[in-house]
Amino acid sequence: MSLTELPPLPYSYDALEPYIDAETMNIHHTKHHQTYVNNVKGALERFPELKDLGLVDINKAVGTEKIPQEIATVIRNNGGGHYNHSFFWKVMGKPGDNNGPSSDLKAAIDSSFGSLDELKSKFNAAGAARFGSGWAWLIYKSGGGLAITSTANQDNPLQSIVDEGGIPILGLDVWEHAYYLKYRNLRPAYISAWWNVVNWEQVNANFEAAKKGDVPV
Amino acid sequence: MATMLAQTHAFTGLRLMQKPRSTGCSRVRGVAARAELELKPLPFANDALEPTISSATLDVHWGKHHRAYVTNLNNQIKDKPLANKTLEEIIVETYNSGSPTPEFNNAGQVFNHDFYWESISPSPTEPSAELKAAIDEAFGSMDEFKKQFKAAGATQFGSGWAWLVKGKDGKLAVTKTPNAENPLVHGQTPLLTMDVWEHAYYLDVQNRRPDYIESFVEKLINWEKVSERFAA
C-alpha cells in the first residue's frame, strides 16, 4: 500500500447500497481519504527519508521519536486517516457476498466474547459510545486473543499512543461523514446496517495474518 | 408539573409520618431546587440562515442533536446533587480537572449549542466601538481576527468548536476545543463560538468545512450579541 497514493475502492461506489449510499462512498473516498493522502504526501516532501517506512510502519512510529516533532500531529492524523480508510474499504463488500467468520475465527470469537452476537453487541456499543469522531475496532492482541476497542479521531490500534494496541481485524468508521447523508444523527442505525456489508472473507484473512504477526492493510 | 409537585408533597407527608427514608428526602430536594433543563427554542426561524445553514440541518442539529444532549443530561443528573447546580457549575465540576465524568459531554454540548445559536444573526450586525477597539488591540484588525478564527475552525481535527474568548488576563484570544470542551473549563469567558462538528455543515457542504466557515464568519455572526457579552 503506497503511502502517497489513494488506493482504488475494491468495488463500485454503489456496491454497498442500500446500507451505505453511493454519494457517501464517493465523497468519503475521493474527498476525505484523498485529503489524508495529500497531507501525508505534503509532510513527507519535507522528510523524504520517511517514505521508506510504508503505511503500516509509519503508523507504528506515531508517538515515537522516528517521526520528527514538526510533522508528528500531521502524521498521526493523516497517516492514521490513510491507514484506517484503506483498511476500512477492504473489510466491506457487496451485501450477501459473505458467509461470516471462518471456523478458526469463530472459535477465537467464542473464546474471547462467548458468541458472535456478544461480539457484535460490544462492538456496536464501542462505536455508539465513541463521543465525537473516531473508530471502533476488533483487534488481535499481542498475547493472543481478541478485543474490542475504540479510538478517537484517526488514531488506530497500531499507534503507540492508544490505550489498547493490537493488530486490527475489523474496523468501523464512526465519524459523522461516514453516515450523515443517509442516517443523520442516527449513528446506531448506521452501525447495525453496516454489519450487512462486512466482508468476512477479508476479516478471516486479517485474522490469519494477525496470528502470524502480520498487519493487514 | 404542578400535579407532580402536589403528589410528591402528599407522598412525602405520608412518609414523614412513617419516618422518611433518605431516598424520599433527596428526591424532594431535587424537585424543589430546580426544574429540569429545557431545550431553548432557536432564536430565529428554521429557514432564516439559508443558504449558509439549511433548515434541514437545523431540524436535525437543534431538533435531534441539541435535544438529545438536554435529555441525556437530565437523565444523568436526575436525583443527584448535580441537579441542583447551574449548567455552568455542572460543566466545571464534571470536567473534573481534565478527567471528565460521563455528564460532562452532555453538559458541555448543551451550553455550547445554546451559546452557538445565540452567536448567530440572520441579518447583518456590527460590533460595538469598544469591542472593535479590543479586537484591533488583540489581533491588529478585524480582518486578522477573522483569519485566525477561520483557521481555528478549519484546523480543529475531528469534532469541536472555534471560540473568541476573553482570557483571565482580560485580553481577547482565538481558541479551539475538541468535542464538548469549552472555555469555561479553562477559566476563560466565551464571547463567540462556531460549531465545527461535521453535523453542523455536512448536509449543506459535505466535506467542504472551509466553505461553511467562510460563510458563517462573513454572514452569520451576531456582533451585537458578542458586543453585549464583551461588555458584561
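Modeller: A residue counts as buried if 20 or more other C-beta atoms lie within 10 Å of its own, as exposed if 12 or fewer do, and as partly exposed in between, with C-beta atoms placed from the backbone. This is a predicted model, in which local features need pLDDT of at least 70 and side-chain atom pairs count only at pLDDT 80 or more, while totals for chains, interfaces and linings use all residues. Residues are numbered from 1 along each chain as its sequence is written, and chains are lettered from A in the order in which they are written.

Colleague: What percentage of the 232 residues in chain B is buried?

Modeller: Chain B has 10 helices and three strands, where helices (H or I, at least four residues) and strands (E, at least two) are DSSP runs numbered from the N terminus. Of the 232 residues in chain B, the buried share is 34%.

Colleague: In what order do the three strands of the open sheet in chain A lie?

Modeller: Strands of a sheet pair through backbone hydrogen bonds, either parallel or antiparallel. Two strands are taken to pair if DSSP finds at least two bridges between them, and β1 (residues 134-140) of chain A is joined to β3(A) by six bridges. The edge strands, each pairing on one side only, are β2 (146-152) and β3 (167-173) of chain A. The pairing in this open sheet is antiparallel, and the order is β2-β1-β3.

Colleague: Which residue in β3(A) is the bridge partner of A:Tyr140?

Modeller: Strands β1 and β3 of chain A run antiparallel. Within β3(A), the bridge partner of A:Tyr140 is A:Ile167.

Colleague: Which element gives the most to the side of domain 1 of chain A that touches domain 2 of chain A?

Modeller: Chain A is divided into domain 1 (22-90) and domain 2 (103-211), with bounds from an automatic or database domain assignment. The contact takes 19 residues from domain 1 of chain A and 18 residues from domain 2 of chain A. On the domain 1 side, α1, α2 (54-60) and α3 (72-90) of chain A each give two or more residues. With nine residues, the element that gives the most is α3(A).

Note on methods
Contact = placed C-beta atoms within 7 Å.
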